[in-house]
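Below is a short briefing on one protein chain. Please look over the sequence and the model before reading the points.

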Amino acid sequence: MGCSECCLKCLSGIPYASLIATILLYAGVALFCGCGHEALSGTVTILQTYFDVVRSPVDALDVFTMIDIFKYVIYGVAAAFFVYGILLMVEGFFTTGAIRDLYGDFKITTCGRCVSAWFIMLTYIFMLAWLGVTAFSSLPVFMYFNIWNTCQNATLVESSNLCFDLRQFGIVSIGEEKRLCTASENFIKLCESNELDLTFHLFVCALAGAGAAVIAMVHYLMVLSANWAYVKDACRMQKYEDIKSKEEQELHDIHSTRSKERLNAYT
């Protein structure tokens, strides 16, 4: 019985809402970072193999340099949100503990209130950032969908003259003519290759991961706002209890003083 009560007490202190949001955040960030990294690597292979795009020998800001930058950004995002998820879970545990223990000690609830407000502001900023990442992740999905659609139309319509030009997406400069048409051998190889389908689906999964991270941020905002409201009520409850006990003590002292005065008057 004692062991079961201890287990129930431990389970009651788990912030389940924060736990669900953390799992969703980790799943979304892992999906975005893992699939995005591999999709960028597949993009480099496709550009070099089928579009004959060559890496610039000098330190110029070409498409390959941008892809390398995006990879480093992905490493930073994975590390940063791993730490941020742990911080939010710790905040959830402390706030849940303060609320559970009659809303805890006044100093604890005051600290928890400030921490919750700070995390609300930070999470709102991260939610806006992930919305931007989601919108940006839709661009390669749109580009690869166009390539896939061009391949489908080329196989359905015989003797069609369809082309895909990299300049319309800003991948290469206007002066470079890097395009594939249905008559070229590289176009047929690209449409029949596994790299195209794999990279396209990886970008779709990365987009889904970014969307999951947005949902996790919204979930965190709801949890943090609720915790902040509970801790705020806890502070008010603690102040009320302190004022009430002080008034009761003053009334008790007044009654004691009057009783003594009456006793002295009789004597």
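The predictor's confidence in each residue is given as pLDDT, on a scale from 0 to 100. Helices (H or I, at least four residues) and strands (E, at least two) are DSSP runs, numbered from the N terminus. This is a predicted model, in which local features need pLDDT of at least 70 and side-chain atom pairs count only at pLDDT 80 or more, while totals for chains, interfaces and linings use all residues. Residues are numbered from 1 along each chain as its sequence is written, and side-chain values use heavy atoms, with hydrogens and water left out.

**Confidence**
- The protein chain has an average pLDDT of 80, and 75% of the residues score at least 70.
- Helix α2 (residues 16–49) has the highest mean, 92, and helix α1 (residues 2–12) the lowest, 65.
- The pLDDT is below 50 over residues 102–107.

**Annotated spans**
- The unreviewed UniProt entry annotates residues 72–94, 115–136 and 200–230 as "transmembrane region"; such annotations may be inferred rather than shown by experiment.
- Residues 72–94 are 100% helix and 0% strand, with 34 Å between the end C-alpha atoms.
- Residues 200–230 are also 100% helix and 0% strand, and their end C-alpha atoms are 46 Å apart.

**Nonpolar core**
- A nonpolar core is a set of buried (under 20% relative accessible area, 1.4 Å probe, protein chains only) Ala, Val, Leu, Ile, Met, Phe, Trp, Tyr and Cys residues joined through side-chain atoms within 4.5 Å.
- The largest such core has 51 residues, and F51 and W130 have the most contacts inside it.
- Helix α6 (194–266) is among the helices that supply at least two residues each, and α6 gives the most, with 13 residues.
- Beyond its neighbours within four places in sequence, F51 contacts (heavy atoms within 4.5 Å) I46, F164, L166, K178, L180 and L190.

Notes. Buried < 20%, exposed > 50% of the residue type's maximum accessible area, 1.4 Å probe, protein only.
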